[in-house]
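These are my notebook entries on a structure that I looked up step by step. I begin with a single pair of residues and go on from there.

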Amino acid sequence: MKLLTGNDLATGDVIWWTGSGWSRHVADSADVGSEGEALGRIEEAARRVNGPVVIEAAATPEGPRPDHIKDRIRALGPTVRMDLTLAPDISPQVVL
């Protein structure tokens with residue numbers, strides 16, 4: 001599966017395409033398939049996202065899981081402290 005991610009222009013937060021808009025939570029993201037690059041250009045031109053990029057991910061029972069460790073860390077939020085992440089109920093063993 002392929003996910004579209006980038007940064008929110010107003011806050012700099014990492015955001016994920018949901019199929020109809022953007023979310024701060026990777027669990028809300030949707031597979032963009034082969035349309036991801038074009039969608040990213042449209043969303044960037046509309047000034048809804050900065051630096052959009054399509055990444056590889058795996059579908060899991062817990063939701064999409066980015067393949068690359070860098071993207072899994074980005075999905076946790078602005079900190080590596082598990083008590084301050086966007087999804088504190090996820091254990092590090094599952095995410096990392």
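**Entry 1: the sheet.** I began at N7, which stands opposite V14 in strand 2. Strand 1 (residues 2–7) and strand 2 (residues 14–17) pair in the antiparallel sense over three bridges. I noted what the words mean: two strands count as paired if DSSP finds at least two bridges between them. Helices (H or I, at least four residues) and strands (E, at least two) are DSSP runs, numbered from the N terminus. In general, the strands of a sheet pair through backbone hydrogen bonds, either parallel or antiparallel.

**Entry 2: the source.** I recorded that this is a predicted model, in which local features need pLDDT of at least 70 and side-chain atom pairs count only at pLDDT 80 or more, while totals for chains, interfaces and linings use all residues. Residues are numbered from 1 along each chain as its sequence is written, and side-chain values use heavy atoms, with hydrogens and water left out.

**Entry 3: helix 2.** Which residues of helix 2 are buried? I found D71, R72, A75 and L76. They cover an arc of only 150 degrees around the axis, which puts them on the same side of helix 2. The arc is that of the directions from the helix axis to the C-beta atoms. As a general rule, an α-helix has 3.6 residues a turn, so residues three or four places apart point the same way.

I took D71 as my example; it lies in helix 2 (residues 69–76). D71 counts as buried because its relative accessibility is 6%. The scale is: buried under 20% relative accessible area, exposed over 50%, partly exposed in between (1.4 Å probe, protein chains only). Leaving aside its neighbours within four places in sequence, D71 is in contact (heavy atoms within 4.5 Å) with W16, I55 and P66. Just after helix 2, G77 takes a positive phi of about 120 degrees.

**Entry 4: salt bridges.** How many salt bridges does the structure hold? I noted four, a salt bridge being a side-chain nitrogen of Lys or Arg within 4 Å of a carboxyl oxygen of Asp or Glu.

One of them joins E56 and K2, whose closest N and O atoms are 2.8 Å apart. This pair links distant parts of the chain, for E56 is in strand 4 and K2 in strand 1, 54 residues apart. E56 is partly exposed at 40%, and K2 is partly exposed at 31%.

Another joins E43 and R48, with the closest N and O atoms 2.9 Å apart. Here E43 is buried at 5%, whereas R48 is partly exposed at 44%.

K70 is partly exposed, with a relative accessible area of 48%.

Entry 5: Is R47 buried or exposed? I looked it up in the loop between helix 1 and strand 4. R47 counts as exposed because its relative accessibility is 65%. Its phi is near 60 degrees, a positive value in a residue other than glycine.
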